[in-house]
Structures are given as structure tokens and as C-alpha cells.
Amino acid sequence: MVVGAGPAGCAAAYDLAANGKRVLLLDKCEFPRPKACAGGLTMKTVKALRYSVEPVTREVVRRIVLENDGGSATLVKTRQPICVMTVRAEFDAYCLRKTMEAGAIFRRIGALKSVEASADSVVLVTESESLRARF
Ligand SMILES: Cc1cc2nc3c(=O)[nH]c(=O)nc-3n(C[C@H](O)[C@H](O)[C@H](O)COP(=O)(O)OP(=O)(O)OC[C@H]3O[C@@H](n4cnc5c(N)ncnc54)[C@H](O)[C@@H]3O)c2cc1C
């Protein structure tokens, strides 16, 4: 079980599912969901992801302006991309779709009330159900 289907949860769930584990990915939200974010992905992030983000890339950034408190600005231009821009809701929904295609099962849950660990399992208790996984 992975709680939270944002980029971090999807990344964990994707690798587990791709390596043959049965994965339940849980979130209190349906996707796509609104998220305050600029939607920029550094090239390090783009390389770390297990799939291409080209389908959700809106812009490839090769120029940025750096400003300091005094108000002066420097334009930085590069041949190699600095980052790519996405719309966060689209990016997150895409990551979730790729993770489900890798085999993870997504389920929306109600508010999480407790996480109880025993010697060989963990139980998540939500307002409407209990979910148990061995580890
Ligand atoms: C204004 C702003 C701009 C930003 N711009 C950028 C940017 O351009 N580039 C960048 O890389 N980062 C940016 N960030 C940071 C980025 O948004 C976070 O680093 C990123 O969202 C972290 O991903 P995550 O998967 O850990 O968490 P999240 O994306 O927040 O996902 C967590 C998920 O867990 C779920 N969840 C939480 N608690 C529970 C619970 N109890 N039960 C069930 N589900 C639960 C939530 O519903 C959510 O879907 C920005 C952040 C802000 C605030």
C-alpha cells in the first residue's frame, strides 16, 4: 500500500508494480486534482522518471531570467534544456495513469484515521474501511 498518489507516491508505486509486486495506491482525492505548482520539471527529474513526459510537456525552457533584490536581471540562455514546463494537474494525472499501466491499483479513500503496524503487517484505518497489507 502506498498512501498519496502525487509524484512521490506514484514513483514508489510504479517501481514496486514494475518489479512484480501487488500495489494498492491510495489517495483522498480523485485525479486530476488541482494543485498549486508552477509545473516545472528539472532535467534531473525528467531523467529520473521511468517514462517520457513528452505527452504532457507544454514548453521546453532554454532561457531563464535571474533577478536579485536590487532589481538587476541576468538572462541565461543554454543550448540544452534547463527544464520543461507542464500543467501540474495534467502531469499528476499522467503519472497516475502510467503507474496504473505498470500494474498498480488506484483507490480513493476517505480520511485516514490511523496506521497500525504489527510484526508482519500494517493496517490503515479510514473513516469507512480497514486495509491490511503484509510486509
Ligand atoms: C506554489 C508552489 C509551486 C511549486 N512549483 C514547483 C515546480 O515548479 N516544480 C517542482 O518540482 N515543484 C514545485 N513545487 C513543489 C511540489 O509541488 C512538491 O514538491 C510536490 O508536490 C511533492 O510531491 P509529493 O508527491 O510528495 O506530494 P503531493 O503532490 O502533495 O501529493 C501528496 C498526495 O497525498 C495525498 N494525501 C495526503 N494526505 C493524505 C491522507 N491522509 N490520506 C490520503 N491521501 C493523502 C494528497 O491528496 C496528494 O494527492 C511547488 C509547490 C508550491 C506550493
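Leaving aside neighbours within four places in sequence, which residues is Asp 92 in contact with? They are Pro 7, Phe 31, Arg 33 and Lys 35, where contact means heavy atoms within 4.5 Å. This is a predicted model, in which local features need pLDDT of at least 70, side-chain atom pairs count only at pLDDT 80 or more, and totals for chains, interfaces and linings use all residues. Residues are numbered from 1 along each chain as its sequence is written, and side-chain values use heavy atoms, with hydrogens and water left out.

- You'll find Asp 92 in helix H3, residues 88-101 (helices are DSSP runs of H or I with at least four residues, numbered from the N terminus).
- Asp 92 is buried, with a relative accessible area of 1% (buried means under 20%, using a 1.4 Å probe and protein chains only).
- Pro 32 sits 60 residues away along the chain, yet its C-alpha atom is 6.9 Å from that of Asp 92.
- The side chains of Asp 92 and Arg 33 make a polar contact at 2.6 Å (a pair of N or O atoms within 3.5 Å, where one must be able to donate a hydrogen and the other to accept it; residues adjacent in sequence count only if both atoms are side-chain atoms).

**Around the ligand**

- Lys 35 turns up here too: an N or O atom in its side chain is 2.5 Å from an oxygen atom of the ligand.
- A nitrogen atom of the ligand lies 3.2 Å from a backbone N or O atom of Lys 28.

How values were computed. Helices (H or I, at least four residues) and strands (E, at least two) are DSSP runs, numbered from the N terminus. Buried means under 20% relative accessible area, exposed over 50%, partly exposed in between (1.4 Å probe, protein chains only).
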